[in-house]
Amino acid sequence: MPAPTPVELLHADYAQLHHQPPSTLTADQRRSLTFYNGEMESRSAGEIPDSVPRDVANWIRNVFALEAFVRCQGRMPRENRRLPEGAISAVEKQRANSVRAQRRAFIAGRLCTYQVRRLLCVPGFSFHPLEDVWQASCAAYGDFTATHGDAPKFRSTDPSERALAGWAAKMRLAHRAGTLSTDRVEILTGLDFWTWGAPSKQR
């Protein structure tokens, strides 16, 4: 028997919550159940019923559309404005705009718990994509030094090693420019074989 999917696990949690007396629920739980019930009704009917509140219906519609895009493309919608004109379709731009809107709503505290957990069920979705990339690069640097006993080199013939060396160089430049957070400085300083390089000369 296959393991339950993240969405199935989420729905199982809220199926239990659905049977609790309303008087015992918090405001967030009641709001979450509105989205849960709306999604379950939509799945059962094969479309979003008119009985589902408009804001909930629009949110569910966007999540379904995002999941469909990810299933079809095997990735999240791109947001890179440096790509050539026409490289990103109108549909992909629409999906990317929806993702950005959800991240802004999350930062502003406007999403209920169900919305947050439901979005995180979408493969590749993150509320903090840049932070995730930084953490992944930092982990890759640590893995490299643990395996090779040295820091990655620019002159390596291995593209992944050169990429790590380039990432480290960018971090050092950010540190010298004063744009690297204290937390990140502490994390990088704690890595094996990490150096900040020679300090810039004062004129």
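Before I turn to the model, a word on classes: Ala, Val, Leu, Ile, Met, Phe, Trp, Tyr, Cys and Pro count here as nonpolar, Asp, Glu, Lys and Arg as charged, and the others, Gly among them, as polar. What I am showing is a predicted model, in which local features need pLDDT of at least 70 and side-chain atom pairs count only at pLDDT 80 or more, while totals for chains, interfaces and linings use all residues. Residues are numbered from 1 along each chain as its sequence is written, and side-chain values use heavy atoms, with hydrogens and water left out.

Let me begin with the open space. A pocket, on a 1 Å grid over the protein atoms alone, is an open set of points with protein on both sides within 12 Å along at least five of seven lines, whereas a cavity is a set of points where a 1.4 Å probe fits but cannot get out, and lining residues have an atom within 4 Å of a point. Points are joined across faces, edges and corners, and a volume is the space filled by probe spheres set on them. The largest pocket holds about 320 Å³, and of its 13 lining residues Glu79, Arg103, Pro129, Leu130 and Val133 lie nearest the centre. Two or more lining residues come from each of α4 (90–107) and α6 (129–148), where helices are DSSP runs of H or I with at least four residues, numbered from the N terminus. The largest share, four residues, belongs to α6, and by class the lining has seven nonpolar, three polar and three charged residues.

A nonpolar core here is a set of buried Ala, Val, Leu, Ile, Met, Phe, Trp, Tyr and Cys residues joined through side-chain atoms within 4.5 Å, buried being under 20% relative accessible area, exposed over 50% and partly exposed in between, with a 1.4 Å probe and protein chains only. The largest core has 29 residues, and Leu66 and Phe125 are among those that touch the most other members; α3 gives the most to this core, with seven residues. Apart from it lies another core of 16 residues, including Tyr141 and Leu188. Leucine 66, taking contact as heavy atoms within 4.5 Å and not counting residues up to four places away in sequence, touches Val99 and Phe125, among others.

Valine 99 itself lies in helix α4 and is buried, at 2% relative accessible area. Beyond four places in sequence, its contacts include Leu66, Met76 and Glu79.

Finally, phenylalanine 193 has a phi near 65°, a positive value in a residue other than glycine, and sits in the segment after α8 (182–189).
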